[in-house]
Amino acid sequence: MSTINLPLNLTVRVHPVVLFQIVDAYERRNADSQRVIGTLLGSVDKGVVEVTNCFCVPHKEHADQVEAELGYASDLYDLNRRVNPSENIVGWWATGQEVTNHSSVIHEYYARECNNPIHLTLDTSLTGARMGIKAYVCVSLGVPGGKTGCMFTPINVEITSYEPEVVGLQLCMKTIGLQSNPARARTVPPMLDVAQITEASGKLLDLLGEVLNYVEDVLVEKQQPDNTVGRALLDLIHSVPNMTSDQFAQMFNSNVKDLLMVVTLSQLIKTQLQLNEKLTSLTSFLN
């Protein structure tokens, strides 16, 4: 059996889209399937495995063997490589909260597909009202010249996200509690740009208020100072451009004018395309 030799301080960073795909695959599983497995895609850099994508692999588990559609997995990975050539196989995932007897057999296949594969488990049964997520690596066990085996050892796992994913998660959070009230719609439409700016400004003001309260409490010795927080606040202040209110207003107005110009040009292009489409249809009809 293939094994790996990795430090146990390896960190796995999982993006929200991966969790959504795993839950979706679990909800669409066959009625006789107890759990679902699939391939993890991403990249490895300096002891950090970043999982950015995944897909489901159909399989069946019996008492003494595992049947998986490996041809389907290979074809789907090749198709994904055409779209995202930077995403490679980094391991595999399974639903559930524990490693089963068949996990070593499945892990052996992925050890042939990539170096040092990881194993990710997602508790879709919501044990303890939480969707627990765990990551493992396979380490070798045994004595020299004797029998050897492997053991799944837990490693650090974190949830990370890109800025567009954060926006999507914030929109999804607004749907919490909608199902408990049948009178309300279960969908949340995207907000207008002005509304998003207003909401973001309100959150920024709340955060600034919390920072000011912390600083005031430290100054009057109501709270012990934290050096890490102090350095973060100092970096935050240094990152703000040193400009007067008039300079900021001039910069803001200039950017707004540029934005309005782009919007005007896009509307003109859209109008010209619609006019061209109608003239083309009219010409074809007359001919």
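Which side chains meet in a salt bridge at 3.6 Å, N to O? In this predicted model, the side chains of R13 and E158 make that salt bridge, one of 4 salt bridges that the structure holds. Because R13 lies in strand β1 and E158 in strand β9 (residues 148-159), the pair ties together parts that are 145 residues apart in sequence.

**Salt bridges**

- R13 is partly exposed, with a relative accessible area of 35%, and E158, its partner in the salt bridge, is likewise partly exposed, with a relative accessible area of 39%.
- A salt bridge also links E61 and R35, whose closest N and O atoms are 2.6 Å apart; since E61 belongs to strand β4 (residues 59-61) and R35 to the loop between α1 and β2, this pair ties together parts that are 26 residues apart in sequence.
- Side chains of opposite charge can pair when their charged atoms come close.

**Nonpolar cores**

- The largest nonpolar core has 22 residues, and those with the most contacts inside it are V12, L40, V51, W93 and I118.
- At least two residues of this core come from each of β1 (11-14), α1 (16-27), β3 (48-57), β6 (88-95), β7 (118-122) and β8 (133-142), with the largest share, 5 residues, supplied by α1.
- W93, one of the residues with the most contacts inside that core, is in contact with I22, A25, V36, I37, G38, T39, L40, C54, F55, C56, H119 and L120, once its neighbours within four places in sequence are left aside.
- A second, separate core has 13 residues, and V57, Y77, Y110 and C114 are among them.
- In soluble globular proteins, nonpolar side chains tend to be buried together.

- Which residue does the side chain of T39 join through a polar contact of 2.7 Å? The partner is the side chain of Y110, a residue that the second core includes.
- Leaving aside neighbours within four places in sequence, T39 is in contact with N53, C54, F55, V57, I89, G91, W92, W93 and Y110.
- I37 also lies in strand β2 and is buried, with a relative accessible area of 2%.
- Although I37 and W93 are 56 residues apart along the chain, their C-alpha atoms are separated by 5.5 Å.
- Not counting residues up to four places away in sequence, I37 touches C56, V57, H59, W92, W93, A94 and I106.

**Cysteines**

- How many disulfides does a search of the whole structure find? The search finds 0 disulfides, and for C54, which is in no disulfide, the nearest cysteine sulfur is that of C56, 8.7 Å away.
- C138 counts as buried, its relative accessibility being 1%.

**Helix α5**

- Helix α5 (residues 193-219) has 27 residues and reaches 39 Å from its first C-alpha to its last, close to the 39 Å expected at 1.5 Å a residue.
- Just after α5, E221 takes a positive phi of about 65 degrees.
- Within this helix, the side chains of E199 and K203 meet in a salt bridge (3.5 Å, N to O), and because the two residues are 4 residues apart in helix α5, they are separated by about one helical turn.
- An α-helix has 3.6 residues a turn, so residues three or four places apart point the same way.
- E199 counts as partly exposed at 27% relative accessibility, and K203 also counts as partly exposed, at 40%.

Notes
Residues numbered from 1 in each chain as written. Predicted model: local features only at pLDDT ≥ 70, side-chain atom pairs only at ≥ 80, totals over all residues. Heavy atoms only, no water. Polar contact = N/O pair within 3.5 Å; in protein donor to acceptor, adjacent residues only side chain to side chain. Contact = heavy atoms within 4.5 Å. Expected span 1.5 Å × (residues − 1). Core = buried A, V, L, I, M, F, W, Y, C linked by side-chain atoms within 4.5 Å. Buried < 20%, exposed > 50% of the residue type's maximum accessible area, 1.4 Å probe, protein only. Disulfide = S-S within 2.5 Å.
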